[in-house]
Each structure stands twice: as C-alpha cells, then as structure tokens.
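Hello,

Here is the structure I said I would pass on. My notes follow below it; please read them with the model open.

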Amino acid sequence: MTDVIWLPSPAKINLFLHICGQYPNGYHNLQTLFQLLDVGDEIGFAVHDRATIELKTPMAGVAEQDNLIIKAAKALQIHTGSNCGAAIFVKKHLPMGGGIGGGSSNAATVLLALNAFWKLNLPLTELMDIATTIGADVPVFIRGKTGFAEGIGEIITPMDIPEQWYLVANPGVHVSTPDIFQHPDLPRNTQMIKAHEYSFESTRNDCQNLVCNLQGKVAKLLQWLVHYAPSRMTGTGASVFAVFNNKHEAQNVLRQLPNEFKGFVAKGTQTSVLHTKLEDILRAS
Ligand SMILES: C[C@](O)(CO)[C@H](O)COP(=O)(O)OP(=O)(O)OC[C@H]1O[C@@H](n2ccc(N)nc2=O)[C@H](O)[C@@H]1O
Ligand SMILES: Nc1ncnc2c1ncn2[C@@H]1O[C@H](COP(=O)(O)OP(=O)(O)OP(=O)(O)O)[C@@H](O)[C@H]1O
C-alpha cells in the first residue's frame, strides 16, 4: 500500500456569535468571528486510482455513511467525476459535538487534501461551495484564515487579531445544534455590526443564555472560568473558552480545572495549520 500522508484538522472557536435573523429555509443569518486554533484531529490519506473510499478507523457512535469525512470525499468525487479513491485514517483528539468544529474541520481537511492528492486543482472558492453543502462550519476551514463570517457562516472576511491563548473546556454534556437553532427562546434579532466594530466586550454569544438554562453544567463551568479570565461559550456549546495573553497563564488555570470538566490549551492562529502543512508537503513533492 502507498504511504499514509497525515494532515492536521484544527479546531475553531467562535469568539462571538450573533443571530441576526432567519432565512426562509430555516437557517439563521449570523455574524461570528471564527478563531482557528493550533490544536485538532489528525487525518491520514493513502490515495489510489480505484474509486473506493474507505474509512479505516471507525468512529464510535457515527455510522460510516454519516461521517463527514466520507460525505466530503464522496461530494468531491461526485462534483468532479474523479475516479480516484482513498483509504482514510483518523486520530480523533477533539471532543465530538463540542462547538469547536471537529467534524466540520475533518470534512474540510478531506476536501483540501483530496483536491491536491487527486490532482483536481479546484480553486478555494469552488471547494468552499462544496463545503457549504456539507455544513455551515466547513467553509471557514477551507478558507483557512481566522475571520469575520456572515450569512450562514460561509461569507468570510479574514481578520487580523492579536495572538492569544485559549483554555477550551468541555462540561461533558451534549448540546444538539439543530435543537438550539429551533428553540423558541433563541434570540434572533441582534443588530448587525461591521467587522471593524468588533470587540470581545461589546459582543456575546446569543446561544449562551439559552444553553446555560438548558444545561446547568455549562453555566457552572462558565461561572468557574470567568473568575480567572474573560470567558464565553463557543458555537451552540457545550464547550466554553477563556482568553489569555500567554500560554503559561492558560496552563495554570487548566491545572486547577475541577475534575468533572475536561480542557486543553491552544494558541489562536491567523492561518490554518492545515494550509501551512499542505503547502509544505506540496512544495516538497
Ligand atoms: C453554531 C455554529 O457552529 C457557529 O459556528 C454553526 O453555525 C453550526 O455549524 P454546523 O454545525 O456546521 O451546522 P450545520 O451542520 O450546517 O447545521 C446544523 C443545524 O443548525 C442549524 N443552523 C446552522 C447554521 C446556521 N447558520 N443556521 C442554522 O439554523 C440548521 O438548522 C441545521 O439543522
Ligand atoms: N468526522 C466526524 N467527527 C466528529 N463528528 C462527526 C464526524 N462526522 C459526523 N459527525 C457527527 O457530527 C456531530 C457533531 O460533531 P462535531 O464535532 O462536528 O460538533 P461541533 O464541534 O458541535 O461542530 P460545530 O461547531 O461545527 O457545530 C457528532 O455528534 C457526530 O455525530
């Protein structure tokens, strides 16, 4: 078998999340600042010239045909008519359903990697169109830049923000994204802002109060964390994050995290670690 090429699949957090309206198809018009992180899953690829796509590392609780990795590979095959295939491996490090984009990032890594390894040469804009059909959080991982996003999350304007460190903590409860977006108590009329008006203090996560009311452990974790640093929920939860100016302070708080919670420390990156690694591989080949 050909060698397996491993690529990173980074996490994101939403530094803020405003829900500004709802489209006729039910999806929400939102504004958010996607912060890419230097921590994530790893995905391995062994490509071949048969059209079969196999996931060699099954994921507990996710049927193969529902796995976003398989959905992404098949969507790319269908879009391009390619007869190439791949055996795909995963080292999962990110918690699933945590609001940090694990599955979405996996899908984006597959699209970018197979576009390169199958020599399809689709531009990023076309890959972002395919990505949007897989999920609202996938396009930002294709764009590969920390940025301000609008629409359903697919209109992305890269934004330079100071390098910061994040403690990302998970309360160990599951929050369903569709359930939150369908909830009657979700606020849906936040006034839109311009990207340059963003500050952490003047923004919020519109899903946070609702999720805290539904899941007491999210509220408890935030109450603990905010004592140390500015803190907020990411996406529709259940993970939350706290913002630090350096790694040492973040690690110090992580060490004190109560046992009932899990967490990790990550650095915010302007450019996705995936894009950097993929460029290195392609330059060397
Ligand atoms: C909350 C965020 O994580 C913020 O980054 C994303 O908006 C959610 O992204 P995602 O998990 O990739 O979302 P999808 O898989 O596309 O959609 C999950 C569910 O969330 C709802 N959804 C999602 C995005 C959006 N802008 N409006 C929505 O109403 C949809 O009804 C859908 O049923
Ligand atoms: N490759 C994958 N990795 C993780 N979850 C996957 C994958 N493929 C499908 N899923 C399904 O997607 C659900 C959401 O997982 P994911 O980790 O993407 O959530 P999330 O962090 O809340 O994402 P987002 O922030 O994009 O809403 C999981 O519960 C799982 O059933």
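A238 sits in the loop between β8 (231-233) and β9 (240-244), where helices (H or I, at least four residues) and strands (E, at least two) are DSSP runs numbered from the N terminus. The peptide bond leading from G237 into A238 is cis, with omega near 5°.

The model is predicted: local features need pLDDT of at least 70 and side-chain atom pairs count only at pLDDT 80 or more, while totals for chains, interfaces and linings use all residues. Residues are numbered from 1 along each chain as its sequence is written, and chains are lettered from A and ligands numbered from 1 in the order in which they are written.

Neither residue is a glycine, but K119 has a positive phi of about 55° and N121 one of about 60°. Most residues other than glycine have a negative phi, and most peptide bonds are trans. K119 is exposed, with 10 C-beta neighbours inside 10 Å, and N121 is exposed with 9. For burial, C-beta atoms are placed from the backbone; 20 or more others within 10 Å of a residue's own make it buried, 12 or fewer exposed, and anything in between partly exposed.

On the chain as a whole: there are nine helices and ten strands. Its radius of gyration is 19 Å, close to the 19 Å from the globule rule for 285 residues, so the chain is as compact as a globular protein of that length. That radius is taken over C-alpha atoms, and the rule is 2.2 Å times the number of residues to the power 0.38. Along the principal axes, the C-alpha atoms fill a box of roughly 55 × 45 × 35 Å. Buried residues account for 41% of the 285.

The largest nonpolar core has 72 residues, of which V110, L111 and Y166 touch the most other members. Such a core is a set of buried Ala, Val, Leu, Ile, Met, Phe, Trp, Tyr and Cys residues joined through C-beta atoms within 7 Å. Helix α2 (residues 102-117) gives the most to this core, nine residues. Leaving out residues up to four places away in sequence, L111 touches A72, L76, L127, I130, A131 and I142; contact means C-beta atoms, placed from the backbone, within 7 Å.

Now the annotated site. An unreviewed UniProt entry marks K12 and D137 as "active site"; UniProt positions are given in the numbering used here, feature names are shortened, and annotations may be inferred rather than shown by experiment. They span 126 residues in sequence, yet no two of their C-alpha atoms are more than 9.2 Å apart, so they gather at one spot. K12 lies in strand β1 and is buried, with 26 other C-beta atoms within 10 Å. D137 is in the loop between α3 (124-134) and α4 (138-143), and is also buried, with 28 C-beta neighbours inside 10 Å. Beyond four places in sequence, D137 touches G101, S104 and G153, and the contacts of K12 include G101, F34 and V140.

Regards

Conventions: Two residues are in contact if their C-beta atoms, placed from the backbone, lie within 7 Å.
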